[in-house]
Amino acid sequence: MITSRTSFFALIGNPVSHSLSPIIHNAALQYLELDMVYLAIPCEEKDFKSVIRSLKKINCKGLNITIPYKEKVFDLCSEVSPIAKKLKAINTLKLNSHKEWSGTNTDIYGFNYPLKSIELITNKSIVLGSGGAARSVIQGLIDLNFSEIAIIARNKDSLNELTNNFANQRQIKGYVSNDEQTCSLIEDADLIVNTTPVGMEKLGSLRDLLPFGTNFWKSLNPKTIVYDLIYNPSPTPLLRFCDKKGCMTIDGTKMLIAQGAKSLSFWTDGLEIPFEIMYDAIKKYI
Ligand code: NAP
């Protein structure tokens, strides 16, 4: 029951209305019998700084930060974990003992979570897209010791910025999506990760619903594992296509829950978080 003592966690971003974080977090909070709720709060850019500063004064214990604020929030934290500094992306804030925000990143943990339970050849990997989520995915692949990480993206500028961010990692190379080499990269890949939003739309021809179109995927090999960060729809058109080709596929549901569970554990000083309760809640909702 919400009482006069109930405090809260929140997701801040723009937009947030599509987010399933309130579903998984409120299921876990209820199960853990904590007197807290989790809200999704849309916030415009001009208000962002004042909203974050105000929230720490009104009983908010922790925040998730999403598009487009994962970088902008750095200035508002009194301390930031080394991994969030390296990736230049914060997705979780916690109110510390000085009533200031401490920032960290739980997306890498979330990305790696479903890969821990499968047999994985950590040789050749491909990341599609060069946006915010690609950073955490690349760090996750580095942590898993992949020998080669090819980033394929349509935007040369953000591709260069991303590869520069990992300049000291010799196993990382960037390719624009119309590069002739992409065909052999796809053919040889052990793991392909889609971090583009292509496939979130439910309607359209297959050409529009697969990242970089159908031709891009013509050399796909059934031995390749294909991981799509999108969790709704599930399976995505890409995963349905790859499944038919005989590939093992992974959607973004477990990543979403694992990063959320890690944030909740950070906020509650290491409480054991009920992953299955969160998983059931999202499956029931979708
Ligand atoms: P983002 O920062 O906007 O990056 C998206 C990337 O995809 C950019 O490189 C963008 O290129 C590229 N892109 C967009 N539309 C494209 C198209 N039609 N064809 C080819 N490339 C395209 O977004 P993000 O934060 O990285 O999130 C990306 C996706 O991952 C979203 O679907 C999000 O829901 C999902 N995600 C899931 C989880 C999870 O927990 N499961 C966590 C994080 C993100 P341009 O720069 O040229 O626009």
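I take helices (H or I, at least four residues) and strands (E, at least two) as DSSP runs, numbered from the N terminus.

**Ground rules.** I am working with a predicted model, where local features need pLDDT of at least 70 and side-chain atom pairs count only at pLDDT 80 or more, while totals for chains, interfaces and linings use all residues. Residues are numbered from 1 along each chain as its sequence is written, and side-chain values use heavy atoms, with hydrogens and water left out.

**Entry 1: Ile 12.** I looked up Ile 12 and found this residue in strand 1. Ile 12 counts as buried because its relative accessibility is 0%; buried means under 20% relative accessible area, exposed over 50%, and partly exposed in between (1.4 Å probe, protein chains only). I then listed its contacts (heavy atoms within 4.5 Å). Beyond the neighbours within four places in sequence, Ile 12 meets residues including Ile 41, Phe 48, Val 51, Leu 63 and Tyr 69.

**Entry 2: helix 1.** Which residues of helix 1 are buried? For residues 21-31 I noted Ser 21, Pro 22, Ile 24, His 25, Ala 27, Ala 28 and Leu 29. Their cover includes strands 1, 2 and 3 along with helices 10 and 11. Just after the helix, Glu 33 has a positive phi of about 55 degrees.

**Entry 3: Lys 56.** This lysine sits in the loop between helix 2 and strand 3. Is Lys 56 buried or exposed? Lys 56 is buried, because its relative accessible area is 18%. Its side chain makes a polar contact of 3.0 Å with that of Glu 100. For such a contact I require a pair of N or O atoms within 3.5 Å; within protein, one must be able to donate a hydrogen and the other to accept it, and residues adjacent in sequence count only if both atoms are side-chain atoms. Not counting residues up to four places away in sequence, Lys 56 touches Leu 95, Lys 99, Glu 100 and Trp 101.

Entry 4: I found Gly 199 in the loop between strand 10 and helix 8, and Gly 199 is buried because its relative accessibility is 4%. Leaving aside neighbours within four places in sequence, Gly 199 contacts Leu 209, Ile 230, Pro 233 and Pro 237. Pro 237 is also among the buried residues of helix 9, with Leu 238, Leu 239, Phe 241 and Cys 242. These pack against strands 10, 11 and 12 and helix 8. Gly 246 follows helix 9 with a positive phi, near 100 degrees.

**Entry 5: the ligand.** An N or O atom in the side chain of Asn 155 is 3.3 Å from an oxygen atom of the ligand. A polar backbone atom of Leu 256 is likewise 3.3 Å from a ligand oxygen.
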